[in-house]
Amino acid sequence: MPKFGKSSRNNLKSCDHRLQLVFNEVIKHVDCSVLEGYRGEERQNRFYDEGKSKVRFPDGRHNKLPSRAVDVTPYPVDWDDRERQTLFAGFVLGVARGMGLVLRWGGDWDQDFKVMDNKFDDFPHFELKLKE
Ligand SMILES: [Zn+2]
């Protein structure tokens, strides 16, 4: 059974407990890395400047503690493998739904279950809905 490494565990600790529950289940089945949970001001604004994020601090879902968003990717990381990222996301969304949670994924922002119409791909990104 795969297990999170130390930095994945630490990153996940900065996230909302519901995100922790989801990914502590996911890791039992698919090896993956938690790249980031909470993201501070300097880093958030740098991501904005570099075009990796659409919002400045503190408007991102990563900018509150505990974080309402988490970036996770299958391990080993292969950013060119869009299909693997998508397969992983479907697995994560299914695990979350089984726990009564609807997560929004950065490969399908409008949540229409179509991936080709996604304008801004952020494949490792999963977040809680606004009202939750
Ligand atoms: Zn993210």
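Student: In which loop does Ser14 lie, and is Ser14 buried or exposed?

Tutor: This is a predicted model, in which local features need pLDDT of at least 70 and side-chain atom pairs count only at pLDDT 80 or more, while totals for chains, interfaces and linings use all residues. Residues are numbered from 1 along each chain as its sequence is written, and side-chain values use heavy atoms, with hydrogens and water left out. Ser14 lies in the loop between α1 (6–13) and α2 (17–26), where helices (H or I, at least four residues) and strands (E, at least two) are DSSP runs numbered from the N terminus. With buried meaning under 20% relative accessible area, exposed over 50% and partly exposed in between (1.4 Å probe, protein chains only), the 16% of Ser14 makes this residue buried.

Student: Which backbone nitrogen lies 2.8 Å from a polar atom of the side chain of Ser14?

Tutor: A polar contact is a pair of N or O atoms within 3.5 Å; within protein, one must be able to donate a hydrogen and the other to accept it, and residues adjacent in sequence count only if both atoms are side-chain atoms. The side chain of Ser14 reaches the backbone oxygen of Asn11 at 2.8 Å. The backbone nitrogen that lies 2.8 Å from a polar atom of this side chain belongs to Tyr38.

Student: Which residues are the protein donors of the zinc ion?

Tutor: Donors are N, O and S atoms within 2.8 Å of the metal (3.2 Å for Na, K and Ca), and sites may look incomplete, because water is not among the atoms. The spacing of the donor residues in sequence is H-x8-D-x53-H. At 2.0 to 2.1 Å from the zinc ion, the protein donors are His62 (NE2), Asp71 (OD) and His125 (ND1).

Student: How many salt bridges does the structure hold?

Tutor: A salt bridge is a side-chain nitrogen of Lys or Arg within 4 Å of a carboxyl oxygen of Asp or Glu. One of them joins the side chains of Arg39 and Glu36 (3.0 Å, N to O), and both of these residues are buried. The structure holds 10 salt bridges.

Student: Which parts does the salt bridge of Arg82 with Asp121 tie together?

Tutor: The closest N and O atoms of Arg82 and Asp121 are 3.0 Å apart. The pair ties together parts that are 39 residues apart in sequence, because Arg82 lies in helix α4 (residues 82–98) and Asp121 in the loop between β3 (103–106) and β4 (122–128).
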